[in-house]
There are 2 protein chains.
Amino acid sequence: MPENRLTKQVEFIVELDKLKGILRRTHKINESAYENDAEHSWHLATMALILQEHSDEAIDLTRVLKMVLIHDVVEIDAGDTFAYDDDAAHRKKEIREEQAAQRIFGLLPKRQGCHLYELWREFEARETPEARFAAAMDRFQPLLHNYLTHGAAWKDHEITAEQVLERNRPIAEGSKHLWDYVLQIVRDSVHRGYLRDS
Amino acid sequence: MPENRLTKQVEFIVELDKLKGILRRTHKINESAYENDAEHSWHLATMALILQEHSDEAIDLTRVLKMVLIHDVVEIDAGDTFAYDDDAAHRKKEIREEQAAQRIFGLLPKRQGCHLYELWREFEARETPEARFAAAMDRFQPLLHNYLTHGAAWKDHEITAEQVLERNRPIAEGSKHLWDYVLQIVRDSVHRGYLRDS
């Protein structure tokens, strides 16, 4: 195929297909199967579209959509790290993900690759309103899945309510309104035995 | 759960999970499995992000992203119709999908549901630059998959090059540049025996 620029873009697009094979620890709601990163990323993007009004700060929806669409691309090389893994596992993850980002966004024409790399760094840093809201979506979605599968992944790993509240604190930084909703879900999950009391 | 508005939005978000179980006839590139609608929709959205510069007309990326994110939601009720099914199957599909759109977008708060319903209609009609570009992505993605899986789905259904060109004509309406690329892929697919000559 000729045409360097389009060829590079297609190469990146083809690489993305691999994300459909990266399994997360979250169970799908309507099927007894783990969700993969592509499904998860799509779900976050539609959620951002639907829930944008609940952001505490004004946000540029397009930036949020871009971030959630590409936030897990690094897992093609780095794999999924479980949310409740220990700190050492999370530090190793950071190094692997940085290398993955360099390689994968590096497939694109230079300026375009840099743009996506910067968006990914912004997502990871959670220092802008868009990144905070994107992070809130990234936490809220698996929490909903856990609640609606009667705590399936929580039970697999004997997670406590305290761990869930700690892990999901970024939701409060993106949306006080959603955080109130989350507190109700967590209380109800303990009440129903989906989640161990702390 | 209290709070009518957020509750409705969450109900819609939970409903969306079902799209992860709607299988298409397209094979994934890196796995011997059919792709589902959620994976497909995510792939289209990232493609729109990467390939927007190839649109023949100026487009509002956010509108394109919204369209591709929700374009297959109706298949939760209506199922997937194979691209190469006959006209009668496609007419039946239209009726089923209209009913599905009414029910599923109807889960949302009224104005928000109407907004997404209108975007879905716009996508289906292919009369705006955004809808044309979104449709180009929706055709280009499975074509790439077919090419890179050595014509897997084409062979399953004994599809000819003529059928592929006819089916994918909307790509030419969204991007002449991508269409040129598609013509090369189709020629090469015939040459390699992935696709029957017309």
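This is a predicted model: local features need pLDDT of at least 70, side-chain atom pairs count only at pLDDT 80 or more; totals for chains, interfaces and linings use all residues.
**Entry 1**

**Entry 2: the interface**

How many residues of chain B are in contact with chain A? I get 55 residues of chain B against 55 residues of chain A, with contact taken as heavy atoms within 4.5 Å. The area buried between the two chains is about 4,900 Å², and carbon and sulfur atoms give 70% of that. Buried area here is the accessible area (1.4 Å probe) that two parts lose on being put together, summed over both.

For polar contacts, I count 29 residue pairs between chain B and chain A, both residues at pLDDT 80 or more. The rule asks for a pair of N or O atoms within 3.5 Å; within protein, one must be able to donate a hydrogen and the other to accept it, and residues adjacent in sequence count only if both atoms are side-chain atoms.

Which elements build the side of chain B that touches chain A? At least two residues each come from α1 (4-16), β2 (34-36), α2 (37-51), α3 (61-70), α6 (110-125), α7 (129-148) and α11 (176-192) of chain B. The largest share, 11 residues, comes from α2(B). I take helices (H or I, at least four residues) and strands (E, at least two) as DSSP runs, numbered from the N terminus.

**Entry 3: salt bridges between the chains**

My rule is a side-chain nitrogen of Lys or Arg within 4 Å of a carboxyl oxygen of Asp or Glu. The whole structure has 34 salt bridges over all chains, and 4 of them cross the interface of chain B and chain A.

One of the pairs I looked up is A:Glu35 with B:Lys20, whose closest N and O atoms are 2.6 Å apart. A:Glu35 lies in strand β2 of chain A and B:Lys20 in the loop between α1 and β1 (23-27) of chain B, so the pair joins two chains. Buried or exposed? A:Glu35 is buried at 0% relative accessible area, and B:Lys20 is buried at 1%. My cut-offs are under 20% for buried, over 50% for exposed and partly exposed in between (1.4 Å probe, protein chains only).

Next I checked A:Glu53 and B:Arg5, which meet at 2.5 Å, N to O. This pair runs from the loop between α2 and α3 of chain A to helix α1 of chain B. A:Glu53 is partly exposed at 38%, and B:Arg5 is partly exposed at 41%.

**Entry 4: salt bridges within a chain**

B:Glu15 pairs with B:Arg103, the closest N and O atoms being 2.7 Å apart. B:Glu15 sits in helix α1 and B:Arg103 in helix α5 (residues 87-105), so the pair ties together parts of chain B that are 88 residues apart in sequence. B:Glu15 is buried at 11% relative accessibility, whereas B:Arg103 is partly exposed at 33%.

Methods. Residues are numbered from 1 along each chain as its sequence is written. Chains are lettered from A and ligands numbered from 1 in the order in which they are written. Side-chain values use heavy atoms; hydrogens and water are left out.
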